[in-house]
Amino acid sequence: MSAASKVVLVTGVSRDLGRRCARALAAAPGIDRVIGVDVVPPRGDIGEVSFVRADIRNPVIAKVIAKEDVDTVVHMSVIATPGSAGGRHTMKELNVIGTMQLLAAAQQAPGLRHLIVKSTSTVYGASNRDPAMFTEEMEPRRAPRSGYAKDAAEVEGYVRGFSRRRPDVRVTLLRCANVIGPHVQSPITSYFRLPVVPTVLGFDPRLQFLHQDDLIGVLRHAALDGPSGVFNVAGDGVLMLSQAIRRLQRSSVTLPGFAVGGLGSVLRQARLAEFSPEQLGFLTYGRGIDTTRMRTDLGFEPRWTTAGAFEDFSRSLTRTGGYATRVIDSASRLVDPAAIELTEVPRG
Amino acid sequence: MGDAEIIPIGTRGRPGRGTGNARPSSAARNLAGGTPPTQSSSADDSVPPPPTPPRKAAPPKQAAPAPPPVPPATTRERAPLAGITPGEWLGAFQFAAKELFGEQWEPQLARLLFFLRRRVTGDYAVDEYGFDAEITERFLMTALRPIAEKWFRIEVIGADNIPTEGGALVVSNHSGTLPMDALMTLVTVHDHTGRHLRPLGADLVFQMPVVSSLARKSGATLACGEDAERMLAGGELVGVWPEGFKGIGKPYSERYKLQRFGRGGFVSAALRTGVPIIPLSVVGAEEIYPLVGNVPSLARLLGVPYIPITPFFPLLGPLGLVPLPSKWLLEFGEPIRTDEFDEGAADDPMLVFNVTDQVRETIQQTLYSLLMQRDSVFKGSRQREAQLPE
């Protein structure tokens, strides 16, 4: 670990999280230079990060790695939704071909010491046969057939291939739970930002969140001295979807599963919300990932719990529901306030 | 038609049976409370005043107007709501609150509102399996307890075989067409030990709407090796029904014959975590919905293991879903220790098969002896349990 001359290459800096992560890495002690790579320039302030406009889908990226003498690559341009990139076709090309090219370039770089890939817990899928908590060794019960989950699974396949061919490079694969935060634009945040949140009739999935600060924290931690291996990363605890919606004080509507899927595709086509198809499975069956290894092997401790991260996210939202709370509050006013204070104490 | 005879109908307010006779029978006169029948009195006067005292919130009685000589058939509003003052409403509310919550109604009501507020704002915690202890205790257990105690009159033998702390695996026979025995075991274990039994359910449970979310909230998780080991290692009391659908959906003629115990996965989980296995034998659940038929083609179409036909089920519609009130006996057997085996015992198939057979035989033998003890399928009270220490 030549900490004195660490040069980090970050992909996908045009997106908000990538940009923030690159800035955080640039500010970290022990990192000399951070090079941000993307097809389009980032919109916000990138601080000390030097931006190189390059497409990871073509071999130019190899020249960047060789010329700048990069020793750490942080790959975080696996995207969940097409968003600004275009259609599903572009998204797949960006995710899969981009990773292939990047890894091919990295394989040719003799100076490379460390590869960090931000993957997702979506690779575990979501089904009724899932164990309560996925550990890193577990496979998805149903192999993903489309969309983001399939892309992520293919990306992970290439990363495994890379680590076989370059055993001298430490490969850290981070499977992050749904990243949430006031600035995050992702399928799950745009779902919760809907004025009326649709839920699947008769199902109450378990959700786990990772705060955006913790995502940046774990990437920085991994870039500085992360061991090689696969790690689940998520905040502590789980929230049920019904509980999350109640905490948001948002109104919800319960629909049968197929109707939620149909509504999702309508919203996607109307570009009102980034509702990805594999999200329906997640909103039906939920998912939990075990983060024991994140603590013991990776040595990372998230600052936000799932509930805390969600609370921070909910501050950026206006409440659209919460009528029941208001009714109860007005009923509570009828009762002697001294009696209520009596009951507040013995709880918990 | 001019000379039509007029036949009087009714008694015009006089006691009697409407025979048209001027003088009612003596029995009818006694009923009228001794008041002498007068020809000219109205219907109101002859009816005796009601014996019940007036209610608290009742309106003040209005003085009845003087009846006209010939009473017309009219209706009168007897309790006009307009006559209730806000003070009376408040008094009635306080009275109702006292009736509902007792003398300490104010803190009680405040506590209820506080609880409702916490639920509505999502301010409660669930564990990583989605188990909501509060809802389970407050609603599920409260709803199931009368069924367990009054309907099935569950009698428990050997409840002290359940460890009070640490992981343990309760292995039970499965029967009764619907998993009523699992629910009853949940409430029985909770009431006898104060611990929550965490059931392991088939994947079908987590596929069905409503059932799936209820199962997670009441502490269930998927019956797979990973979850079983995780729960046992976490020190939970885990319940498993290894017969699965083969046991629960077996015909009535095969009652109390244990089916195959899966692949012994539950034994491997117990061996890996070194927790004791507690065999549980349930007698009585077989009789609640006697399964006499099945519609395999329809079951295949709907993707469920069986479509039950009981003597009452499709015949009486929803009424057929009421379980028959059989008398239940639950016997928790001696714990089978698994911490004495070697390190790799869980990977030794022969050992796993042997322990599985041992558990299965124990449950089968206990079932037979319990059946001998039981006098009748439906008769019996909870008397024997009263002698047991709670």
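In what order do the seven strands of the open sheet in chain B lie? The legends below take up this sheet and other parts of a predicted model.

**Figure 1. The open sheet of chain B.** The order of the seven strands is 1-9-6-2-5-3-4, and their pairing is mixed. The edges are formed by strand 1 (155-157) and strand 4 (221-222) of chain B; each has a single partner strand, so one side of each is left without a neighbour in the sheet. Helix 6 (residues 180-193) of chain B packs on this sheet, where it touches strand 1, strand 2 (168-172), strand 3 (197-201), strand 5 (237-240), strand 6 and strand 9 of chain B. The direction of helix 6 makes about 160° with that of strand 3 of chain B.

**Figure 2. Strands 6 and 9 of chain B.** Four bridges join strand 6 (residues 277-283) of chain B to strand 9 (residues 329-332) of chain B, and the pairing is antiparallel. One of the residues to look for is B:Val282, whose bridge partner in strand 9 of chain B is B:Leu330. Strands of a sheet pair through backbone hydrogen bonds, in either the parallel or the antiparallel sense.

**Figure 3. Chain B and its domains.** Chain B holds 14 helices and nine strands. The chain is divided into domain 1 (90-120) and domain 2 (133-288 + 323-387). Taken over C-alpha atoms, the centres of domain 1 and domain 2 of chain B are separated by 38 Å. Of the 390 residues in chain B, 32% are buried. Among its contacts between residues at least 6 apart in sequence, 71% join residues at least 24 apart.

**Figure 4. The loop around B:Pro251.** B:Pro251 belongs to the loop between helix 9 (244-248) and helix 10 (265-273) of chain B. Is B:Pro251 buried or partly exposed? B:Pro251 has 14 other C-beta atoms within 10 Å and is therefore partly exposed. Its contacts, leaving aside neighbours within four places in sequence, are with B:Leu291 and B:Val292. B:Phe332 is 81 residues from B:Pro251 along the chain, and 25 Å separate the C-alpha atoms of the two.

**Figure 5. The open sheet of chain A.** Seven strands of chain A form an open sheet in the order 3-2-1-4-5-6-11, with parallel pairing. Strand 3 (50-53) and strand 11 (229-233) of chain A stand at the edges, and since each has a single partner strand, one side of each is left without a neighbour in the sheet. From one strand to the next, the twist averages 20°.

Figure 6. Strand 5 (residues 114-120) and strand 6 (residues 170-176) of chain A run parallel and are joined by seven bridges. A:His114 stands opposite A:Arg170 of strand 6 of chain A. Helix 4 (residues 147-165) of chain A packs on the sheet and touches both strand 5 and strand 6 of chain A; the direction of helix 4 makes about 160° with that of strand 5. Strand 6 of chain A also pairs with strand 11 of chain A, in the parallel sense, over five bridges. Here the bridge partner of A:Leu173 is A:Val230 in strand 11 of chain A. Four of the five residues of strand 11 of chain A are buried.

**Figure 7. The nonpolar cores.** The largest nonpolar core has 158 residues, and those that touch the most other members are A:Val10, A:Leu25, A:Ala106 and B:Leu169. Helix 4 of chain A gives the largest share of this core, seven residues. Not counting residues up to four places away in sequence, A:Ala106 touches A:Ile65, A:Val73, A:Leu112, A:Leu115 and A:Phe162. Another core, of five residues, lies apart from the largest one and includes A:Ile328, A:Val335, B:Ala110 and B:Leu113.

**Figure 8. The contact between chain A and chain B.** Each chain takes part in the contact, with 30 residues from chain B and 30 residues from chain A. On the side of chain B that touches chain A, two or more residues come from each of helix 4 (105-120), helix 7 (211-217), strand 4 and helix 8 (225-233) of chain B. Helix 4 of chain B gives the largest share of this side, 10 residues. By class, this side of chain B has 14 nonpolar, seven polar and nine charged residues.

Conventions
Residues numbered from 1 in each chain as written. Chains lettered and ligands numbered in written order. Predicted model: local features only at pLDDT ≥ 70, side-chain atom pairs only at ≥ 80, totals over all residues. Domains from an automatic or database assignment. Pairing = 2+ DSSP bridges. Axes fitted to C-alpha atoms, helices over the stretch in contact; angles between N-to-C directions. Contact = placed C-beta atoms within 7 Å. Buried ≥ 20, exposed ≤ 12 C-beta atoms within 10 Å, placed from the backbone. Nonpolar A, V, L, I, M, F, W, Y, C, P; charged D, E, K, R; others polar. Core = buried A, V, L, I, M, F, W, Y, C linked by C-beta atoms within 7 Å.
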